[in-house]
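Colleague: I would like to learn how to read ring pairs and charged pairs in a model. Could we go through them slowly, with the structure in view?

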Amino acid sequence: MASLEGLVERMTAEEAWRSLLKFLSSGAERAFEEVQRVMCIQPHADDTDVAAGGTIAKLAREGKEVIYVTMTDDRLGTSDPEMWPEKLAQIRMKEQEEAARILGVKKLIWLNYRDGELYPSLKAREELIHLIRLYKPDMVITVDPWLSYEAHPDHRATGILAAEAVMFSPLPHAAPGDLREGVKPHQVRYIAFYWTRRPNVYVDVTDYLDLKLKAIRAHKSQFEANWPQFEQLIRAYLRLMGKRAGVRYAEAFKVLTPQYLHCNIFAEDI
């Protein structure tokens, strides 16, 4: 660390801050190229497809394995008082299965917490730790729980639980039942947050836009009634991210290594 201290010594505080961020950020832009197995931990069926469906399609077509873990049962996602929550949960599951087939996702895991009632808990965290250790993903993709003004508890809780699980999954005495069962600790290389205000990696999804839109549209109970307006919004957002990345259409992520998930003042700016 002496060389880093010397770098700081030679510069103004602002110059040193920018230089340290550049040094610490190196490698994040290659994360999606390096990984071979990805676990997407999402609050509800459709969240990953809407936020990152182009990236998922791209990864799958590159021969990389993608696993979906859905935290809740989606029983609340309707404005129709005649729709029974239990029936809607079944519909949403089938819609996600079809969307996953379109994108190339072959493994779906359902934890079935009640929609709208998910809060961080030791039980939920240990379930995710167990899944991470069992499937050994190189990357976990999830929702950014620190998005300003995010009011949905399922989104906040999912992002927090996923980040905690990534942080604790290498520690053998976290979720100790795994140790007794012979499920070994696992170190995730990267965690990627979507729906974030502080992206540091953009994925070119220009060639996968049609597949992404097709997958989103498979969630008919959520989007069919207002599809033209929603499609316009999705296209505009992807075009905006594309302008930032210098491509036609892009999806944006905050990509971190686990070391930035604890006591790290640089994480927000990386």
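Colleague: Are W227 and F230 buried or exposed?

Modeller: Both W227 and F230 are buried, where buried means under 20% relative accessible area, exposed means over 50% and partly exposed lies in between, computed with a 1.4 Å probe on protein chains only. Please keep in mind that this is a predicted model, in which local features need pLDDT of at least 70 and side-chain atom pairs count only at pLDDT 80 or more, while totals for chains, interfaces and linings use all residues. Residues are numbered from 1 along each chain as its sequence is written, and side-chain values use heavy atoms, with hydrogens and water left out.

Colleague: How is a pair of aromatic rings described?

Modeller: A pair of aromatic rings is described by the distance of the centres and the angle of the planes. Rings of Phe, Tyr and Trp (its six-membered ring) pair if their centres lie within 6.5 Å, and planes under 30 degrees apart count as stacked, over 60 as edge-to-face and the rest as tilted. A search of the whole structure finds six aromatic pairs. Among them, Y194 and W195 are edge-to-face, with 5.2 Å from centre to centre and 90° between the planes; Y194 is buried at 0% relative accessible area, whereas W195 is partly exposed at 27%. The ring centres of W227 and F230 are 6.3 Å apart and their planes stand at 45°, so this pair is tilted.

Colleague: How many salt bridges does the count come to?

Modeller: The count comes to 21, a salt bridge being a side-chain nitrogen of Lys or Arg within 4 Å of a carboxyl oxygen of Asp or Glu. One of them joins E127 and K123 at 3.3 Å, N to O, and both residues lie in helix α6 (residues 122-135), four residues apart.

Notes: Helices (H or I, at least four residues) and strands (E, at least two) are DSSP runs, numbered from the N terminus.
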